[in-house]
Amino acid sequence: MPPPHPETATAAPAPGLARIAAGITLFHPTPAQVAALPSRLPDGLGARLAYANSPLDGQTRDMLARAGFTLLGDGTNRGIAEALNRLAAAAQAAGGECLYLLDQDAAAAPSLPGALLAGRDRLRARGLAPAVIGPAASAAPGHKAPAYPARAGEAAVAGLSPVQFVATSGTLLDLAAFARTGPFRADFFIDGVELEWCFRAWSLGHGTYCDPSVCLPHRVGGGTIRRLGLTMPRQPLFRMATYLRNSVYAWRLPHLPLSWKLAQGLYLPLQALLYWADSGWRPAVLGRLAGAARDGLMGRLGPPRDLPR
């Protein structure tokens, strides 16, 4: 029987959900997004955690408290990597085995964490030590779904597909593997964070897996750029620049495969060209992208200088 669609599945309780802490990252959430969060999570989870990467008003804080969330962060934007690290630390302190990560706008079925936990347990029963399990990605209307390249030399096991990396939203992070792999790179701030971490986890024997029986629609960027037969997310300039910077810097990291670095060496200039063309060939955009590539080569990381406040 085919799995239920993620937006129509019911929140059937799954055994062992108390082992999972839920972690939500918040950045200027709308009241509707906050109101929807309880319906995205099943009953029986362990700690419910939310990290504020932007200031939250009193109404939002009250809504989160009524839904059982513990609020972390003081509203300062410290980047997605630091938010994930703080959520993982709080989940570990609460006694969780796993952390279920979710973006504020992710239309996730409440059955998703239970399905991912079952997959994680199947892998562990076969002697594997997964770092993270994620659902298959689909595209929300008007957006491009992230692509999860298969992990070369790794066979599917227990109904799960080994992949190079997954986006963090909708994934189940194994906290023991997280402790051994180390934190997400806070100096990457926002883009390429999960990619670098998953490659690092693979290098330490902790795999990244995708469960094709469940899926989650993704909303990457503000639409798509389509030129020359290629499709890429349309991002704000500071996001595109940070992605370019971090990707260039990652060429020096030994745990990223050479094949990935070579492919990126060909693809990144093309992405930059498409983005520049989409901007109307504005010189300021080209200058910002060139500066980002230079920052990556020189190892100048951290929060983007043009980060919106």
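Helices (H or I, at least four residues) and strands (E, at least two) are DSSP runs, numbered from the N terminus. By that count, the protein chain has nine helices and ten strands. This is a predicted model, in which local features need pLDDT of at least 70 and side-chain atom pairs count only at pLDDT 80 or more, while totals for chains, interfaces and linings use all residues. Residues are numbered from 1 along each chain as its sequence is written, and side-chain values use heavy atoms, with hydrogens and water left out.

**Overall shape**

The C-alpha trace spans about 55 × 50 × 35 Å along its principal axes. Of the 309 residues, 51% count as buried (under 20% relative accessible area with a 1.4 Å probe, protein chains only). Where contact means heavy atoms within 4.5 Å, residues 24 or more positions apart account for 74% of the contacts with a separation of 6 or more.

**Strand β4**

Strand β4 covers residues 98-103, and five of its six residues are buried. Two strands pair if DSSP finds at least two bridges between them. The pairings of β4 are listed here.

| Partner of β4 | Sense | Bridges |
|---|---|---|
| β1 (residues 20-26) | parallel | six bridges |
| β7 (residues 172-174) | antiparallel | three bridges |

On the β7 side, Y100 has L172 as its bridge partner.

Conventions:
Buried < 20%, exposed > 50% of the residue type's maximum accessible area, 1.4 Å probe, protein only.
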